[in-house]
Amino acid sequence: MTLSFNNEADQAPWSRDEFERQLRAMGKSYHIHHPFNLRMNAGECSPEQIRGWIANRFYYQFIIPKKDAAILSNCDDRATRRLWIARILDHDGYDDYQGDAQGGMEAWTQLGEAAGIPRAELWSLQHVVPAVRFACDAYVDFARRAPWQEAVCSSLTEMFAPQIHKDRLAGWPAHYPWVESEGLTYFRSRIPLAQRDVEHGLSVTLDYFTTRRQQQRALDILKFKLDILWAMLDAIEKAYPT
């Protein structure tokens, strides 16, 4: 008798549309559903918790250009490099570094200042808890070691980001009026940028992961990145309890 095992290698690949649906379905694990984020959106966080979240998430902003530079260093596709380099400039800034050109790190710094965290204190990283630092560094390490297409796939958590920014823009002015409105610029700016970046990252992923085994690998990579974001909130929640 011949035994047939139903494993990934034997299964037909998903169609392009079905593969994209599977990727987007991973949004159920996005940290928008984390208890800390739910409390933050409901206006239930104290000023100390908000400042703790801002200070720790700044480390994530801090490592993003390094992550993107790592992807570029491994990428042998010129067209991809030309598009991907914009992500570094989006965070570090470009041209005269004023207005929209100031970059995401500067916009996040303004959020910190609007919440009462001095610039030097934020940039010192003194409030970053060890587990947040570990999670972010693990993400950079993955981008350095993985094939560039896999590192691109890990960026697809951006598919779920616009809604989390919209929620903050809708709720923070009423829930946290002590945060100066100018500090919310980061949330506004990331909505169109995330949508642009998703289009490119999704195209790379759908083109590269074409067998069922590869497609499952892509889902595992995306889950890894989702777990990083979730673990960061776990650490922040523990460091700044109610």
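**Close-up views of a predicted model**

**View 1. His34 and its surroundings.** The side chain of His34 makes a polar contact with the side chain of Asp234 at 2.7 Å, a polar contact being a pair of N or O atoms within 3.5 Å in which, within protein, one atom must be able to donate a hydrogen and the other to accept it, while residues adjacent in sequence count only if both atoms are side-chain atoms. This is a predicted model, in which local features need pLDDT of at least 70 and side-chain atom pairs count only at pLDDT 80 or more, whereas totals for chains, interfaces and linings use all residues. Residues are numbered from 1 along each chain as its sequence is written, and side-chain values use heavy atoms, with hydrogens and water left out. His34 lies in the loop between α1 (16-25) and α2 (35-41), where helices are DSSP runs of H or I with at least four residues, numbered from the N terminus. The side chain of His34 also reaches the backbone nitrogen of Phe36, at 3.0 Å. With a relative accessibility of 1%, His34 counts as buried (buried is under 20% relative accessible area, exposed over 50%, and partly exposed in between, with a 1.4 Å probe and protein chains only). Beyond its neighbours within four places in sequence, His34 is in contact with Trp230, Leu233, Asp234 and Glu237, contact meaning heavy atoms within 4.5 Å.

**View 2. The cysteines Cys75 and Cys153.** A search of the whole structure finds zero disulfides, a disulfide being a pair of cysteine sulfur atoms within 2.5 Å. The sulfur of Cys75 has its closest cysteine sulfur in Cys153, 15 Å away, which is too far for a bond. Cys75 is buried at a relative accessible area of 6%, and Cys153 is buried at 0%.

**View 3. Aromatic pairs.** The structure holds 16 aromatic pairs, counted where rings of Phe, Tyr and Trp (its six-membered ring) have centres within 6.5 Å, with planes under 30 degrees apart taken as stacked, over 60 as edge-to-face and the rest as tilted. Phe62 and Trp123 form an edge-to-face pair, with 6.4 Å from centre to centre and 80 degrees between the planes. This pair links distant parts of the chain, since Phe62 belongs to helix α3 (residues 47-74) and Trp123 to helix α6 (residues 119-123), 61 residues apart. Phe62 is partly exposed at 26% relative accessible area, and Trp123 is partly exposed at 35%. Tyr208 and Phe209 form another edge-to-face pair, at 4.9 Å centre to centre and 90 degrees between the planes; Tyr208 is partly exposed at 31% relative accessibility, whereas Phe209 is buried at 2%.

**View 4. Arginines over aromatic faces.** Arg87 lies over the face of Trp84, 3.5 Å from the ring centre, and Arg133 lies over the face of Tyr59, 5.0 Å from the ring centre. A charge sits over a ring if NZ of Lys or CZ of Arg is within 6 Å of the ring centre and within 35 degrees of the ring normal.

**View 5. Nonpolar cores.** The largest nonpolar core has 64 residues, and those with the most contacts inside it are Leu23, Trp53, Leu111 and Trp172; such a core is a set of buried Ala, Val, Leu, Ile, Met, Phe, Trp, Tyr and Cys residues joined through side-chain atoms within 4.5 Å. Helix α11 gives the most to this core, with 11 residues. Apart from it lies another core, of 11 residues, including Ala70, Cys75, Trp84 and Val152.

Note on methods:
Helix = DSSP H or I, 4+ residues; strand = E, 2+ residues; numbered from the N terminus.
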